[in-house]
Amino acid sequence: KSTKFGLLFKKLSLNSPEIMQISSTEAEAVKLFANSYLAMRVSFFNELDSFAQENSLEAKNIIKGICTDSRVGSYYNNPSFGYGGYCLPKDTKQLLSEFSNTPNDLIASIIQSNESRKAFIANQIMALKPDIIGIFKLQMKSNSDNMRFSSMLDIIKILKAYKCNLIIYEPNIQTEQYNEITVENDMRKFKSQSSLIVANRITNDLHDVMDKVFSRDIFHIN
C-alpha cells in the first residue's frame with residue numbers, strides 16, 4: 001500500500017471497523033442505503049411523536065418502551081422537526097431516483113413522511129396562535145453552525161406563507177434581516193419579544209423560558 005493509504009488504514013484501525021473490498025457501485029449503494037435507513041428511523045420516530053401528540057399520549061414513554069427491545073435499539077430516536085442537513089435529504093432523493101425502474105414504496109414514503117412532519121409541526125405552532133413566533137437557531141444540531149437544508153428553514157417557509165409574525169435568533173447571522181425576517185441576536189430581547197419560541201433542539205439558553213418554548217426535543221440529544 002502507498003503511504004497515503006497506509007495512514008488511512010492505520011486511522012481506521014483505531015475503531016476496528018470491518019474492511020470490505022467491494023465495487024465502487026456497491027460502495028455507493030452502501031452509503032445511500034445507510035443514510036436512507038437513518039432517515040427512515042428519524043421519520044419513524046417523528047410519526048410516532050405526531051401520533052402521540054394527536055392522541056394525548058406521552059411520546060417519551062412510548063419511545064422508551066419500544067427501544068427496550070434490543071432489535072430496535074436506542075439510537076436515532078429523538079423526535080425533531082424533520083431530518084435535514086446535507087446528506088440525508090440528498091441521499092434519500094438520489095436513491096429514489098435510482099429506483100426509477102424498480103418497484104418501491106418505502107424509499108418514496110421516507111421522503112414524503114419528512115415533508116408531512118414539517119407541515120404537521122407548522123400546524124401545531126399555528127394552532128397555538130402566538131402573536132410573535134421566535135425562531136431559535138436555524139442549524140439542525142446543537143453545537144453546530146451548519147444551516148444547510150435545515151428543516152427549520154422549511155418550517156419558516158410554511159409559517160411565512162401563512163403571514164405569521166416571525167423573528168430569528170441566530171448568532172451565525174450577522175445581518176439585521178434573514179429572508180425578510182428580523183434577526184434579533186440579543187438573547188434578552190429575543191426572549192421578551194417572542195410570544196412563542198420554536199426550537200428544534202433545546203439548549204441551556206432556554207431553560208428560563210421553557211413555559212413558552214415549542215419543541216419536540218424529548219431526550220435533549222442531537
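Residues are classed here by relative accessible area, with buried meaning under 20%, exposed meaning over 50% and partly exposed lying in between (1.4 Å probe, protein chains only). By this scale Lys-31 is partly exposed, because its relative accessible area is 34%. The structure is a predicted model, in which local features need pLDDT of at least 70 and side-chain atom pairs count only at pLDDT 80 or more, while totals for chains, interfaces and linings use all residues. Residues are numbered from 1 along each chain as its sequence is written, and side-chain values use heavy atoms, with hydrogens and water left out.

Lys-31 is part of helix α2, where helices (H or I, at least four residues) are DSSP runs numbered from the N terminus. Helix α2 (residues 24–54) and helix α4 (residues 87–98) have axes that come within 8 Å and cross at roughly 115°; the axes are lines fitted to C-alpha atoms over the stretch in contact, and angles run from 0 to 180 degrees between N-to-C directions. The crossing of α2 past α4 is left-handed, a term that applies if the near helix is turned anticlockwise from the far one by less than a right angle.

Contact, defined as heavy atoms within 4.5 Å, joins residues of α2 including Glu-28, Leu-32, Phe-33 and Leu-38 to residues of α4 including Lys-90, Thr-92, Gln-94 and Leu-95. The residues of this contact divide into 7 nonpolar, 4 polar and 4 charged, with Ala, Val, Leu, Ile, Met, Phe, Trp, Tyr, Cys and Pro counted as nonpolar, Asp, Glu, Lys and Arg as charged, and the others, Gly among them, as polar.

When neighbours within four places in sequence are left aside, Lys-31 is in contact with Lys-90 and Asp-91. Asn-35, also found in helix α2, is in contact with Cys-87, Leu-88 and Asp-91 when its neighbours within four places in sequence are likewise left aside. Asn-35 is buried, with a relative accessible area of 14%.

In helix α3 (residues 59–67), the buried residues are Ala-59, Ile-63 and Cys-67. Seen down the axis of α3, these buried residues fall within an arc of 60°, so they line one face of the helix, the arc being that of the directions from the helix axis to the C-beta atoms. The buried residues of α3 pack against α2.

Cys-67 is buried, with a relative accessible area of 11%, whereas Cys-87 is partly exposed, at 38%. A search of the whole structure finds 0 disulfides, a disulfide being a pair of cysteine sulfur atoms within 2.5 Å.

Definitions and conventions:
Helix = DSSP H or I, 4+ residues; strand = E, 2+ residues; numbered from the N terminus.
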